[in-house]
Amino acid sequence: MGSVGAKDVPILMTPDGRRIDGRRWDELRPIHIVAGPLRQADGSAFVEWGANKVMAAVYGPREVHPRHLQENHRAIVQCRYNMAAFSVDERKRPGLDRRSQEISKVIAEAFDSVVFAEEFPRTSIDVYIEVLQANAGTRCAGVVAASVALADAGIPMVDLLPAVAVGKVAGEIVLDLKKEEDNFGEADLPMAMVPQSGRMVLLQMEGHMTRDELSKALDLGVKGCRDVHEKMKEALRTRYTTTDAGAEA
Ligand code: ADP
């Protein structure tokens, strides 16, 4: 959320309540999820969410690297979130910057709280998230992709982990910010939720909201997560009800 001159700020909300891409305040961007596109990984998923394109791969449970991280009574969950150098049109320095490290850490912690880690002592479950095209909400798309990839890998979990960002744009609480809304809006609040219990396992916030707005944003996020959850289940159903004919060898 950088500060810019007034002349650079696009119109984020029309008088009749339409957003920059025509959506209403409570609408998600189109989401398409494919489970299992990478046959070499133990599990994988590809997520197209608005203009975001995110691939996730899961390996494990497998030997822990580096070895000193190994825990005797449980598996550890390691995550590497990376934004490809070509994923944004501004110049992005390739490699893991501080933002990527922070996102990797919060995503690993979110999955650590839903995976039945005690079933796989002394192992690592490695989650890789590669953002190929970014348009805001990539950590949420990453969580969704990784969650479907973990399920595809057969890792036992409490539940799938849907995620979505809510925010405040032109004074309104809105669901699923796109890039311009993220850049020029007043607040951005990504979250991931365990659908069964409603427990939040990832919740971050940048910007400002009142308590009432925060409460409305959380309710909207919960509804958004439930809709994303349906799409995740649908992707897994499709994966396991279609034959492998025509798939890579
Ligand atoms: P998220 O993608 O989870 O919303 P941020 O709020 O940090 O995470 O980023 C919002 C958007 O800003 C990203 O999705 C991406 O489009 C863009 N962005 C983030 N980091 C960079 C960067 N280093 N260079 C260019 N664009 C970036």
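**Ligand site and largest pocket**

The lining of the largest pocket is made up of 10 nonpolar, 5 polar and 10 charged residues. In this predicted model, the ligand sits in that largest pocket, and the shell of residues around the ligand comprises 4 nonpolar, 3 polar and 7 charged residues.

**The pocket**

- The largest pocket holds about 600 Å³ of space, and of the 25 residues that line it, Arg 99, Ala 136, Arg 139, Lys 179 and Asp 182 are the closest to its centre.
- Three elements, α2, α3 and β8 (187–194), each contribute at least two residues to the lining of the largest pocket.

**The shell around the ligand**

- Among the 14 residues around the ligand, those that come nearest are Arg 99, Ala 136, Gly 137, Thr 138 and Arg 139.
- The helices α2 (138–152) and α3 (179–184) each provide at least two residues of this shell, and both also supply at least two residues each to the lining of the largest pocket.

**Polar contacts and burial**

- On the side-chain part of the site, a polar side-chain atom of Arg 99 lies 2.7 Å from an oxygen atom of the ligand, while an N or O atom in the side chain of Arg 139 is 2.8 Å from an oxygen atom of the ligand.
- Gly 137 takes part through its backbone, with a polar backbone atom 2.7 Å from an oxygen atom of the ligand.
- The ligand taken alone exposes 540 Å², of which the protein buries 83%.

Key
Residues numbered from 1 in each chain as written. Predicted model: local features only at pLDDT ≥ 70, side-chain atom pairs only at ≥ 80, totals over all residues. Heavy atoms only, no water. Near = heavy atom within 4 Å. Polar contact = N/O pair within 3.5 Å; in protein donor to acceptor, adjacent residues only side chain to side chain. Areas by Shrake-Rupley, 256 points an atom, 1.4 Å probe, with all protein chains shown as cover. 1 Å grid on protein atoms, 1.4 Å probe; cavity = no way out; pocket = protein on both sides within 12 Å on 5 of 7 lines; lining within 4 Å. Sits in = over half its atoms within 2 Å of the grid points. Helix = DSSP H or I, 4+ residues; strand = E, 2+ residues; numbered from the N terminus. Nonpolar A, V, L, I, M, F, W, Y, C, P; charged D, E, K, R; others polar. Points joined across faces, edges and corners; volume = space filled by probe spheres on them.
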